[in-house]
Amino acid sequence: MATEALKVDTQDSIETLQREAEELKKRLEEEKAKLKDVEMFKAASKVDPITNFSMKQRRHLKGHQGKVLCMDWSTDKRHIVSSSQDGKMLVWDAFTTNKEHAVTMPTTWVMACAYGPSGNCVACGGLDNKCTIYPLSFEETDISSKKKAVATHTSYLSCCSFTSSDNQILTGSGDSTCALWDVESGQLIQSFHGHAGDVMSIDLSPSETGNLFVSGGCDKTAMVWDMRFGECVQVFEGHESDINNVRFYPSGDAFATGSDDATCRLFDLRADREANCYKKDSIIFGCNSVDFSISGRLLFGGYNDHTVNVWDVLKGNRVTKLYAHENRVSCLGVSPDGTALCSGSWDNTLKVWA
Amino acid sequence: MNEMEAAKEARMNKFQEGLQQQRKLVEQLRLEAAVPRVRVSECIEDIMKYCEQHTSEDVLINGFLRPGDNPYKEKGGCTIL
């Protein structure tokens, strides 16, 4: 019978494909393993160690009435936007500690916030499953009246980031997808499917020809995507638990990740594998957020044990430990000109270190 | 359609779905396998070069030339006697 014959064919094809998939997976693993020809700290042995490193707390930003969940620097290198569990988004002048804008969101747990590259708007979202853009204005007393809901996901918004202009925004969600949106029309430009769990963090490539971005999630993998085609170009495994934060290395050739497995790792795009792992037996709490100093020599990690660990990216050792906050460090970021580090915490405050 | 034929059709659809998924997976793996890779030692060299080239700008490592250049340094002074 015709239907019987077709069924048998399909069965064979599935098995052949399955076998091919297994072969390819094995081959990929072997190829990636072959490339690890040297340990990073050995290769970096001729580099001078970092001495006389000191960073002091310079500003203490108090004002949130709930856990600080996310922060982002403005391109003007002095303003910071932060969002909190109390449903508020605040814009600070880091030099003077003044709060310049305050927006109350209709929901609590605003897990994501981002500053527009022009400095004239901010975006945020969280449990409302949306990403909303607010224009910043000193004339408007109620910024919320001009807000614009741009992105909608089917689960919480975990992260968002403007691309090169205020008019395009990239979002990551608990629904395991990422998406690129046009702000003006609110239209979805591209969606990115591939993660097997919540997407926790995204970061855009800093390179000029940048069409790439990296995402990290609860499926313990980091994926690199081409924004133009919606395709996943590389998958990086290695972490033993959720990846909470991903951040590109300033050259765009690599990226760092912070994970619940208490390690930070450096993955190199061209080697298509992990290049280094930053860990210590004494560090047993998850890392929530990572960022590089402007030269890429230092990697800052904010951990659940209330500290910020500063790692030497090349030599792999910990340069120092900042007893930064009185509760988890949930987010951190280096200012665009590399002059300061801002850390945000579940102790409701942010601190600026320089 | 009688029950038998309906069941056969359902089985066929499931097979087709499974086939689609497997095809997609194999395509993705083929894409990934085709990515050109570079040895880790070479990648590390490039990272080290980048660090070296940009270390002079990195004030978090080098500090400022004059303490007054740090925009976060407290201006003015109080001497504790």
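**View 1. The salt bridge between R270(A) and D46(B).** In this predicted model, R270(A) pairs up with D46(B), and their closest N and O atoms sit 2.5 Å apart. The tally between chain B and chain A is five salt bridges (a side-chain nitrogen of Lys or Arg within 4 Å of a carboxyl oxygen of Asp or Glu). Local features here need pLDDT of at least 70, side-chain atom pairs need 80 or more, and totals for chains, interfaces and linings use all residues. Side-chain values rest on heavy atoms, with hydrogens and water left out.

**View 2. The contact of chain B with chain A.** Chain B brings 46 residues and chain A brings 65 residues, counting heavy atoms within 4.5 Å as contact. About 4,900 Å² gets buried between the two chains, and carbon and sulfur atoms give 68% of that (accessible area lost on putting the parts together, 1.4 Å probe, summed over both). On the chain B side, R37(B), L60(B) and Y72(B) lose the most area to chain A, together 18% of what that side buries.

**View 3. Helix 1 of chain B.** Along helix 1, M12(B), L19(B), Q22(B), V26(B), L29(B) and E32(B) are buried (under 20% relative accessible area, 1.4 Å probe, protein chains only). At its start, a side-chain oxygen of N2(B) comes to within 3.2 Å of the backbone nitrogen of M4(B).

Terms used:
Residues numbered from 1 in each chain as written. Chains lettered and ligands numbered in written order. Helix = DSSP H or I, 4+ residues; strand = E, 2+ residues; numbered from the N terminus. Expected span 1.5 Å × (residues − 1). Buried < 20%, exposed > 50% of the residue type's maximum accessible area, 1.4 Å probe, protein only. Polar contact = N/O pair within 3.5 Å; in protein donor to acceptor, adjacent residues only side chain to side chain.
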